[in-house]
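Colleague: Could you walk me through this one? I am new to reading structures, so please spell out the terms as you go.

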Amino acid sequence: CLIFLACSILAKRSCVIQGDTASGKSFLIRLFADLVGAKLNVFQMNSDSNVSMLAGQSVLNDEISQEDINKFKKAFTNLMIDQNIHQYMEETLKIDIKDQSTFKPTNLKKLLDYIKSIEIEIHGELYFPEIEKAVQLIKETMNPVNRFEHKESAFIHAIKKGEWVLIDGIESAPPEIAEKISSLCGDNPELDLLECGDGFYFTKKDLPNSKKIHDNFHLFVTY
């Protein structure tokens with residue numbers, strides 16, 4: 001069996017192993033990866049497996065990016081034109097434009113509520129349009145919709161970096177997963193996940209708008 005696995009590596013072909021449950025298929029592949037020092041990523045298939053396992057998923061980023069920090073600083077600078085807002089920011093909320101740790105969501109919410117409470121008083125001021133722009137900028141930056149980012153899956157990472165992947169128990173996976181995996185098992189392996197967005201087509205060929213499958217990437221499938 002180890003010879004069969006070694007031949008699949010030398011031939012740069014995906015390796016599909018069939019056998020009874022608990023017959024040692026996965027153990028053999030893990031052992032082989034350890035022997036040659038390859039990084040093996042194992043994906044255990046079940047009825048709950050979905051395409052996000054392959055493509056990754058969008059997650060809400062709790063951290064404030066440098067771009068967000070710059071937006072907040074710009075907004076704060078404009079808000080400080082008004083003396084009362086300036087005083088409320090510094091004395092009540094303890095917001096320091098030089099200290100991003102003070103840019104807390106609770107502080108920002110309180111700041112927006114305060115500005116709304118004095119809106120009638122400052123509505124006639126010449127600088128009020130700048131206050132409105134600053135408020136809108138803070139709202140847009142705080143909006144969860146704008147704070148989602150794509151988290152790359154371990155599967156895509158393996159394809160890019162030339163690691164090994166074991167799809168364990170492909171018979172338990174939903175049909176759409178099996179279909180995607182099967183496209184990596186042919187003479188010209190490819191992975192088409194374009195339904196997840198641009199940049200999700202992988203191939204070993206040099207094609208426009210595609211990403212390269214690393215030469216050292218290898219796929220094992222058991223069922």
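**Surface, cores, rings and charges**

Modeller: Helix 2 (residues 25–36) gives the largest share of the nonpolar patch, 4 residues; helices (H or I, at least four residues) and strands (E, at least two) are DSSP runs, numbered from the N terminus. Please keep in mind that this is a predicted model, in which local features need pLDDT of at least 70 and side-chain atom pairs count only at pLDDT 80 or more, while totals for chains, interfaces and linings use all residues. Residues are numbered from 1 along each chain as its sequence is written, and side-chain values use heavy atoms, with hydrogens and water left out.

Colleague: Which residues make the nonpolar surface patch?

Modeller: The patch is made by Leu2, Phe27, Leu31, Leu35 and Val36, and covers about 470 Å². Patches consist of residues with over 30% relative accessible area and no salt bridge, where like charges are joined within 9 Å and nonpolar side chains (Val, Leu, Ile, Met, Phe, Trp, Tyr) within 5 Å. The areas come from the Shrake-Rupley method with a 1.4 Å probe, and for residues only the protein chains shown count as cover.

Colleague: And why is leucine 31 called partly exposed?

Modeller: Leucine 31 has a relative accessible area of 31%, so it is partly exposed; buried means under 20%, exposed over 50%, and partly exposed in between (1.4 Å probe, protein chains only).

Colleague: Now the inside: which residues touch the most other members of the largest nonpolar core?

Modeller: Of its 26 residues, those are Phe76, Leu79, Ile85, Met89, Leu111, Ile131 and Ile138. The elements giving two or more residues to this core are helix 4 (66–79), helix 5 (83–92), helix 6 (105–117) and helix 8 (128–142), and helix 8 gives the most, with 6 residues. Apart from this core lies another of 25 residues, among them Ala55, Ala173, Leu184 and Leu191. A nonpolar core is a set of buried Ala, Val, Leu, Ile, Met, Phe, Trp, Tyr and Cys residues joined through side-chain atoms within 4.5 Å.

Colleague: How many aromatic pairs are there?

Modeller: A search of the whole structure finds 8. In one of these, phenylalanine 72 and phenylalanine 103 have ring centres 6.1 Å apart and planes at 75 degrees, so the pair is edge-to-face. Phenylalanine 72 is in helix 4 and phenylalanine 103 is in the loop between helix 5 and helix 6, so the pair ties together parts that are 31 residues apart in sequence. As for the cut-offs, rings of Phe, Tyr and Trp (its six-membered ring) pair if their centres lie within 6.5 Å, with planes under 30 degrees apart counted as stacked, over 60 as edge-to-face and the rest as tilted.

Colleague: Switching to charges, how many salt bridges does the search find?

Modeller: There are 6 in the whole structure, each being a side-chain nitrogen of Lys or Arg within 4 Å of a carboxyl oxygen of Asp or Glu. One of them joins lysine 71 to glutamate 67 at 3.7 Å, N to O, and these two are 4 residues apart in helix 4, so about one helical turn separates them. Another joins lysine 109 to aspartate 113 at 2.9 Å, N to O, and both of those residues lie in helix 6.

Colleague: How exposed is glutamate 67?

Modeller: Glutamate 67 counts as exposed, because its relative accessible area is 53%, whereas lysine 71 is partly exposed at 31%.
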